Amino acid sequence: MLKLEQVKKNYGTFSLDCSLEVKPGCITGLIGKNGAGKSTIFKGILGLISIEGGKIRIFGTESPHISAKEKQDIGVVLSDSGFSGYFTVHDIIPVMEQMYQHFDKRFFLEQAQRFGLPMDKKLKDFSTGMKAKLKVITAISHRAKLLLLDEPTSGLDVVARDELLDLLREFMEDGERSILISSHISGDLESLCDDLYMIHDGKILFHEDTDVLLSDYALLKMSRQQYEGIEKPYILRKRQESFGYCCLTNQKQFYAENYPQITIEKGNIDEVIMMMIRGERL
């Protein structure tokens with residue numbers, strides 16, 4: 001559905017060098033702190049910035065050669081873009097009808113009503129949550145096959161985030177669509193994504209199935225003496241602590257079976273990010 005192969009872009013001291021793939025029927029998450037390169041990737045995919053190396057393929061076609069018809073199959077939410085603040089929801093309809101052959105006006109209005117969006121209120125007077133919901137509704141209202149969502153839940157409260165995630169799950173029900181979504185809110189991605197890429201300083205640090213990350217990754221906490229005595233082939237990162245060492249592993253079961261004396265804590269996305277960025281390689 002979407003494939004980036006060694007895509008490169010330089011901005012002063014920042015350098016992007018990224019490869020990733022979004023497979024048909026999958027929701028792929030892109031995680032990383034602000035400034036890691038997430039938005040640069042989205043803008044490169046959409047041709048909003050020129051890339052300096054590598055290839056981007058969408059629906060199997062290199063991005064510079066994507067046809068107008070294929071572009072109709074892409075839905076987009078960018079964190080720093082949207083309709084004019086002087087538009088109303090009603091004003092958006094004729095714009096979408098002109099832009100997208102398969103815009104579903106009935107679906108759009110049903111979803112706007114479902115999420116309580118005022119039809120005649122100017123967008124500049126919408127709350128953050130209302131604006132975010134409108135962006136996602138607009139992106140999925142023209143039967144897109146691929147959604148590109150850059151921080152779609154940023155700034156939303158728990159209830160609003162949950163409503164948006166439900167909408168995305170419904171979008172995926174036919175099994176033929178795909179989503180690339182970035183977020184710094186780990187809970188959103190844990191419950192939504194099939195696989196995750198982690199980016200830091202423009203580089204992909206790891207790629208893993210979400211189920212594997214949540215089941216096999218763990219933090220090992222041990223004294224200095226215990227650390228010296230364990231086998232280390234499955235230690236991804238280590239960090240010295242006041243009690244000894246904290247280590248990240250992707251083979252929790254191996255250490256549980258062979259070293260029952262050490263403390264093993266189930267990892268989550270936030271802890272994996274922290275250890276991958278701040279931990280030391282062996």
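**The pockets and their setting**

Modeller: The second largest pocket holds about 250 Å³ of space, the volume being that filled by probe spheres set on grid points joined across faces, edges and corners. A pocket is here an open set of points on a 1 Å grid over the protein atoms alone, where a 1.4 Å probe fits, with protein on both sides within 12 Å along at least five of seven lines; lining residues have an atom within 4 Å of a point. This is a predicted model, in which local features need pLDDT of at least 70 and side-chain atom pairs pLDDT 80 or more, while totals for chains, interfaces and linings use all residues. Residues are numbered from 1 along each chain as its sequence is written, and side-chain values use heavy atoms, without hydrogens or water.

Sixteen residues line the second largest pocket, and those nearest its centre are I45, L46, G47, S63 and P64. Two elements, α1 (38–45) and β4 (53–58), each give two or more residues to this lining; helices (H or I, at least four residues) and strands (E, at least two) are DSSP runs numbered from the N terminus. The largest share comes from β4, with four residues. By class, nine of the lining residues are nonpolar, four polar and three charged; Ala, Val, Leu, Ile, Met, Phe, Trp, Tyr, Cys and Pro count as nonpolar, Asp, Glu, Lys and Arg as charged, and the others, Gly among them, as polar.

The largest pocket has a volume of about 560 Å³. Its lining consists of 23 residues, with V76, S81, G82, F83 and T138 nearest the centre. Here β6 (74–77), α3 (89–99) and α5 (128–140) are the elements that give two or more residues, and α5 contributes the most, with five. This lining is made up of 13 nonpolar, six polar and four charged residues.

E151 is buried at 11% relative accessible area, because buried means under 20% (1.4 Å probe, protein chains only). Leaving out residues up to four places away in sequence, E151 touches N34, K38, S79, S182, S183 and H184, a contact being heavy atoms within 4.5 Å.

S178 belongs to strand β8 (residues 178–182) and is buried, with a relative accessible area of 0%. Although S178 and C26 are 152 residues apart along the chain, their C-alpha atoms are separated by 5.1 Å. The side chain of S178 reaches the backbone nitrogen of G25 at 3.1 Å. Beyond four places in sequence, the contacts of S178 include M1, V22, K145, L147 and F171.

As for the cysteines, the count of disulfides is zero, a disulfide being a pair of cysteine sulfur atoms within 2.5 Å. C18 is in none, since the nearest cysteine sulfur, that of C193, is 15 Å away; C18 is buried, at 1% relative accessibility. The sulfur of C247 lies 6.7 Å from that of C246, the closest cysteine sulfur, which is too far for a bond. C247 is also buried, at 0% relative accessibility.

Of its 282 residues, 45% count as buried. Among contacts between residues at least 6 apart in sequence, 68% join residues at least 24 apart.

Key. Buried < 20%, exposed > 50% of the residue type's maximum accessible area, 1.4 Å probe, protein only. Polar contact = N/O pair within 3.5 Å; in protein donor to acceptor, adjacent residues only side chain to side chain.
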